[in-house]
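Here is a short briefing on one protein chain. Keep the structure in view as you read.

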Amino acid sequence: MTDPIADYLTRIRNAIKANQRIVEIPSSNIKKEMTKVLFDKGFILNYKFEEDKYQGKIKIALKYNSKTKDSAIVSLKRISRPGLRKYVDSNTLPRVINGLGIAIMSTSKGVITDKEAKKLNIGGEVLCYVY
């Protein structure tokens with residue numbers, strides 16, 4: 001697999017389109033941190049890290065509106081990819097849908113959102129947009 005983050009986002013996107021409640025994803029440290037950010041910002045209902053003798057798995061419980069059956073995640077878009085990395089400094093941090101969405105970034109302080117990076121006045125690699 002050449003781009004595990006794109007695979008992570010695609011598995012979540014496909015599970016939402018199929019109206020599945022739980023999605024299983026192969027684990028890695030950056031995927032675990034991205035999952036924690038999605039949970040903290042209210043885009044997913046819950047998550048669980050399962051370890052096995054190989055790689056481990058992340059089980060994510062997706063969040064849906066009980067009345068309209070719409071997902072909390074409308075769109076997941078990969079920004080920085082292996083062929084074209086996208087780095088920003090603290091002055092040019094992205095705004096996703098005028099502040100309604102989040103940009104997940106990999107910085108020197110770990111995997112954080114664009115709003116947290118603005119508070120800390122640091123830049124980094126923009127991994128994806130979520131709204």
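Helices of at least four residues and strands of at least two are DSSP runs, numbered from the N terminus. With that numbering, Arg 95 is found in the loop between strand S5 (87-88) and S6. The model is predicted.

- Helix H1 covers residues 4-17, and helix H2 covers residues 29-40.
- The two helices pack with their axes 10 Å apart, at an angle of about 40°.
- H1 and H2 are therefore oblique to each other.
- Their crossing is right-handed.
- On the H1 side, the contact uses Pro 4, Ile 5, Tyr 8, Leu 9 and Ile 12.
- On the H2 side, Ile 30, Lys 31, Met 34, Thr 35 and Leu 38 meet them.
- Eight residues of this contact are nonpolar, one is polar and one is charged.

**The nonpolar cores**

- The largest nonpolar core has 25 residues.
- Which members touch the most other members of this core? They are Ile 12, Met 34, Ile 60, Ile 104 and Val 130.
- Two helices, H1 and H2, each give two or more residues to this core.
- So do the strands S1 (22-26), S3 (57-62), S6 (102-107) and S8 (124-130).
- H1 supplies the largest share of this core, with six residues.
- A second, separate core has 10 residues, including Val 88, Val 96, Ala 103 and Met 105.
- Return to Met 34, which is in the helix contact and in the largest core.
- Leaving out residues up to four places away in sequence, Met 34 touches Ile 5, Tyr 8, Leu 9, Ile 104, Val 111, Leu 127 and Cys 128.

**A buried glycine**

- Find Gly 124 in strand S8.
- Is Gly 124 buried or exposed? Its relative accessibility is 12%, so Gly 124 counts as buried. The cut-off for buried is under 20%.
- Gly 124 touches Lys 86, Tyr 87, Val 88, Met 105, Ser 106 and Thr 107, not counting residues up to four places away in sequence.
- Lys 109 is 15 residues from Gly 124 along the chain, and their C-alpha atoms are separated by 9.4 Å.

- Most residues other than glycine have a negative phi.
- Asn 19 is not a glycine, yet its phi is positive, at about 55°.
- Asn 19 lies in the loop between H1 and S1.
- With 53% relative accessibility, Asn 19 counts as exposed. The cut-off for exposed is over 50%.
- Lys 69 is not a glycine either, and has a positive phi of about 60°.
- Where is Lys 69? Look in the loop between S3 and strand S4 (76-78).
- Lys 69 is exposed, with a relative accessible area of 53%.

**Exposed loop residues**

- Tyr 54 lies in the loop between strand S2 (44-50) and S3.
- The relative accessible area of Tyr 54 is 69%, so Tyr 54 is exposed.
- Tyr 54 and Ser 27 are 27 residues apart along the chain, with C-alpha atoms separated by 9.8 Å.
- Arg 95, in the loop between S5 and S6, is exposed too, with a relative accessible area of 60%.
- From Arg 95 to Glu 125 is 30 residues in sequence and 14 Å in space, C-alpha to C-alpha.

**A partly exposed arginine**

- Arg 13 is found in helix H1.
- Its relative accessible area is 29%, so Arg 13 is partly exposed.
- Arg 13 and Lys 118 are 105 residues apart in sequence. In space, they are 27 Å apart, C-alpha to C-alpha.

Conventions: Residues numbered from 1 in each chain as written. Predicted model: local features only at pLDDT ≥ 70, side-chain atom pairs only at ≥ 80, totals over all residues. Heavy atoms only, no water. Axes fitted to C-alpha atoms, helices over the stretch in contact; angles between N-to-C directions. Parallel < 35°, antiparallel > 145°, perpendicular 65-115°, else oblique. Left-handed = near helix turned anticlockwise from the far one by under 90°. Contact = heavy atoms within 4.5 Å. Nonpolar A, V, L, I, M, F, W, Y, C, P; charged D, E, K, R; others polar. Core = buried A, V, L, I, M, F, W, Y, C linked by side-chain atoms within 4.5 Å. Buried < 20%, exposed > 50% of the residue type's maximum accessible area, 1.4 Å probe, protein only.
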